Amino acid sequence: AIDTYAGGDLELSALHLYDETGRVDAAATLTCSHVPVSGSLANLQSEDFGVSCRFAAAAVRSPGFYLQWVFSSAVEVKYLRAGRATAADEFMARCTLQRKALGGWDVADLGRFPLPPVGALTDVPKYGPLFNMTPTPWRSIISAETPAVGWFSAALSGNGNTAILGANGGGLQLRRDGGPWQLQASLGTGVWTCAAVSRDGQRLLAARQDGLVFRSSDRGATWGVVATLGSRPWFFAHHVGDGSIGWLTTLAGGVYKTTDFWNTWEAAPLSTTEEWVSIRASEDGVHVVAAAFTSGSIAVSHDSGATFTLRKPPGFIQALSCDISEDGMTIIAGGYLTGGPQISRDGGATWSQTSLATGNWQFVRMSGDASELLAGSLVLDQNVHSSLDGGATWNVVPGLPTAGWSRCGSTRDMRVLLVCTRNSGSQYLYERVSA
């Protein structure tokens with residue numbers, strides 16, 4: 001959040017980040033969610049305080065407004081200084097600064113900034129390090145909001161405000177806007193292997209291992225059976241965008257795609273005897289990746305699923321999970337008893353082993369830009385691990401028990417996460433909501 005002195009446009013002649021020795025942002029890549037109405041982002045990184053960058057008031061106050069610095073390597077930001085252009089009313093009064101950190105996002109609320117002279121920077125602040133604080137914690141929600149059963153599926157909308165959980169022998173749970181979990185009793189009970197939510201949270205899909213598939217177009221107010229799909233051993237679901245484009249996989253019978261929210265569907269050009277245990281896609285539906293358990297193959301498509309190329313990470317015996325970046329170039333795949341997850345940075349042509357140990361990597365997730373990754377193992381390792389540098393280094397996520405993790409629901413920016421287990425005797429469900 002950013003506020004100006006008078007609540008109108010924002011105009012700055014500089015916006016610099018510092019550590020104890022000096023500026024750290026000069027070589028960083030600065031981007032913004034909105035286009036300036038005058039000036040350029042480069043002016044904010046310049047030492048020439050006679051130039052400026054101005055943003056419209058409506059843009060600054062929109063929920064999605066941000067300025068983002070991307071560094072080639074880790075830095076420790078100690079403080080921020082802003083440069084005044086001309087009008088005092090358009091100077092920044094306060095802002096929120098966030099950084100990606102292990103286990104979540106650190107947040108620092110800054111201001112009120114004293115008004116500097118025209119063409120000068122704010123003073124070096126008297127406060128200590130900005131981010132001397134605890135990362136966003138994980139919260140256990142099993143006891144207060146959900147029954148103590150294992151979970152087989154989890155899915156979130158684009159902002160995390162709509163969430164689905166499918167029980168491993170029980171009911172389907174739905175939560176809207178941070179309210180209580182609500183059992184969808186009319187859908188019955190079973191092993192809910194599949195759950196998917198559209199980006200806006202309006203379209204929901206859930207399927208059971210016994211073959212029943214349900215959908216809702218009104219955020220769960222009403223549900224209907226997708227009878228045209230027939231009864232198959234459904235195992236994984238994924239929807240992108242507004243939910244029109246979706247995928248369902250089976251343990252025997254192939255992979256199916258819709259472009260009209262399952263009014264019609266077609267079989268993907270993939271094996272009908274393989275056990276397809278995971279499928280993920282970019283938000284535009286162009287790049288698709290699917291994991292085949294029996295063969296250990298990873299199927300990759302860069303044409304919306306019209307064609308697939310089978311890839312096999314070196315040493316993979318059985319594949320369990322996969323995810324793909326928005327540009328389709330970075331793919332992560334998790335397997336069983338084949339070392340840690342592997343990453344491809346060229347669309348699946350070549351693979352490299354992560355530093356994680358051998359496990360049963362039931363889920364892997366990545367942010368759309370492939371900078372943040374998450375991986376959870378069901379047996380052997382039994383931890384959730386996080387990487388904030390595209391998979392170069394990994395750490396056990398603090399605040400989560402060693403439990404044997406099975407599924408993850410995530411927003412594409414990884415700001416909202418649900419992780420759960422499905423083993424008898426260790427039914428854990430944890431949530432992290434970052435600022």
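**Cavities and their linings**

I start with the second largest cavity, which is lined by Phe-236, Val-277, Ser-278, Leu-320, Ser-321, Gln-362, Phe-363, Val-364, Arg-365, Arg-407 and Cys-408. The elements that give two or more residues to this lining are β24, β28 (319-324), β32 (361-366) and β36. Strands here are DSSP runs (E, at least two residues), numbered from the N terminus. The largest share of the lining, 4 residues, comes from β32. By class there are 6 nonpolar, 3 polar and 2 charged residues. About 50 Å³ of space lies in this cavity.

Before going on, some ground rules. This is a predicted model, where local features need pLDDT of at least 70 and side-chain atom pairs count only at pLDDT 80 or more, while totals for chains, interfaces and linings use all residues. Residues are numbered from 1 along each chain as its sequence is written, and side-chain values use heavy atoms, without hydrogens and water. A cavity is a set of points on a 1 Å grid over the protein atoms alone where a 1.4 Å probe fits but cannot get out; lining residues have an atom within 4 Å of a point.

How many cavities of 30 Å³ or more does a search of the whole structure find? The search finds 2. The largest cavity holds about 330 Å³ of space. Its lining has 29 residues, and Leu-156, His-238, His-239, Arg-280 and Ser-410 lie nearest the centre. β20 gives the largest share of that lining, 5 residues. The lining divides into 12 nonpolar, 11 polar and 6 charged residues.

Key: On a 1 Å grid over the protein atoms alone, a cavity is a set of points where a 1.4 Å probe fits but cannot get out, and a pocket is an open set with protein on both sides within 12 Å along at least five of seven lines; lining residues have an atom within 4 Å of a point. Grid points are joined across faces, edges and corners, and a volume is the space filled by probe spheres set on the points. Ala, Val, Leu, Ile, Met, Phe, Trp, Tyr, Cys and Pro count as nonpolar, Asp, Glu, Lys and Arg as charged, and the others, Gly among them, as polar.
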